[in-house]
Amino acid sequence: MSSLSVAGRRPVLADLVPGALARDAVLVAGGAALTGAAAQILIPVPGSPVPMTGQTFAALLVGAALGWKRGALSMALYLAVGAAGFGWFQNGSSGLFGASAGYIVGFVLAGALVGALAGRGGDRTPLRTAGTMVLGNLAIYSIGVPWLMASTGFGLSTALEKGVVPFLVGDALKIAVAAALLPGTWALVSPLSENKHGRKES
């Protein structure tokens with residue numbers, strides 16, 4: 001079991017990969033890189049300073065697959081490297097400034113939260129996965145919206161109108177995909193999980 005695993009909890013998908021410290025380092029870096037790649041999928045939202053990107057979905061999947069410590073570390077790495085000047089934020093940008101930077105900070109919290117819930121079986125059924133992803137999205141908004149207000153001078157209602165409402169349909173679609181993808185992946189790997197951990201996961 002990984003040095004970053006918590007005794008007594010259910011495994012997350014990353015626990016099924018052989019190795020320990022080196023594996024964790026590769027998974028953390030890989031999760032950050034995946035999020036950076038997904039950030040380049042960008043759709044401008046008319047009237048909003050925050051575009052729609054694939055990075056939110058990637059951040060939530062990374063958290064669920066890696067568990068709370070590796071998920072949070074992966075998102076913290078993504079945040080730190082981008083803030084330091086590496087252009088893997090949206091549209092190849094870097095630096096921790098602008099109206100949408102708070103959402104990126106929120107990825108760290110979401111990675112930890114979603115990973116913790118996944119470690120308690122929150123990614124094993126479609127309904128549990130949907131609930132886990134909803135909470136992960138709320139964690140991102142909990143930092144992204146106040147940051148948007150501070151950087152633009154928007155009031156709360158305007159920030160919600162421009163920084164939350166336009167993304168709800170996309171969030172729902174991402175949650176639906178995750179609700180199919182994660183439990184489906186567990187169904188495929190459950191024999192490996194049973195062999196590795198000596199008990200059936202439900």
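Helix H3 (68-83) has 16 residues and reaches 22 Å from its first C-alpha to its last, close to the 22 Å expected at 1.5 Å a residue, where the expected span is 1.5 Å times one less than the number of residues. Helices here are DSSP runs (H or I, at least four residues) and strands likewise (E, at least two), numbered from the N terminus. The model is a predicted one, in which local features need pLDDT of at least 70 and side-chain atom pairs count only at pLDDT 80 or more, while totals for chains, interfaces and linings use all residues. Residues are numbered from 1 along each chain as its sequence is written, and side-chain values use heavy atoms, with hydrogens and water left out.

Several residues of H3 are buried (under 20% relative accessible area, with exposed meaning over 50% and partly exposed in between; 1.4 Å probe, protein chains only). These are Arg70, Gly71, Ala72, Ser74, Met75, Tyr78, Leu79 and Gly82. The buried residues of H3 pack against helix H1 (21-38), H2 and H4, contact being heavy atoms within 4.5 Å. After H3 comes Gly85, with a positive phi near 125°. The loop between H3 and H4 also holds Asn91, which has a positive phi of about 60° although it is not a glycine. Asn91 is exposed, with a relative accessible area of 62%.

Tyr78 also belongs to the largest nonpolar core, a set of buried Ala, Val, Leu, Ile, Met, Phe, Trp, Tyr and Cys residues joined through side-chain atoms within 4.5 Å. Of its 40 residues, Tyr78, Tyr103, Phe107 and Met133 touch the most other members. H2, H3, H4, H5 and H7 each supply at least two residues of this core, and the largest share, seven residues, comes from H2. Leaving aside residues up to four places away in sequence, Met133 touches Leu60, Ala64, Val114, Ile175, Ala178 and Leu182.

Two cavities of 30 Å³ or more are counted, with volume taken as the space filled by probe spheres set on the points, which are joined across faces, edges and corners. The largest cavity has a volume of about 190 Å³. Its lining consists of 18 residues, of which Val50, Pro51, Thr56, Tyr103 and Phe167 lie nearest its centre. Strand E2 (52-53), helix H2 (55-66), helix H4 (101-118), helix H5 (126-152) and helix H7 (168-197) each supply at least two residues of this lining.

Conventions: 1 Å grid on protein atoms, 1.4 Å probe; cavity = no way out; pocket = protein on both sides within 12 Å on 5 of 7 lines; lining within 4 Å.
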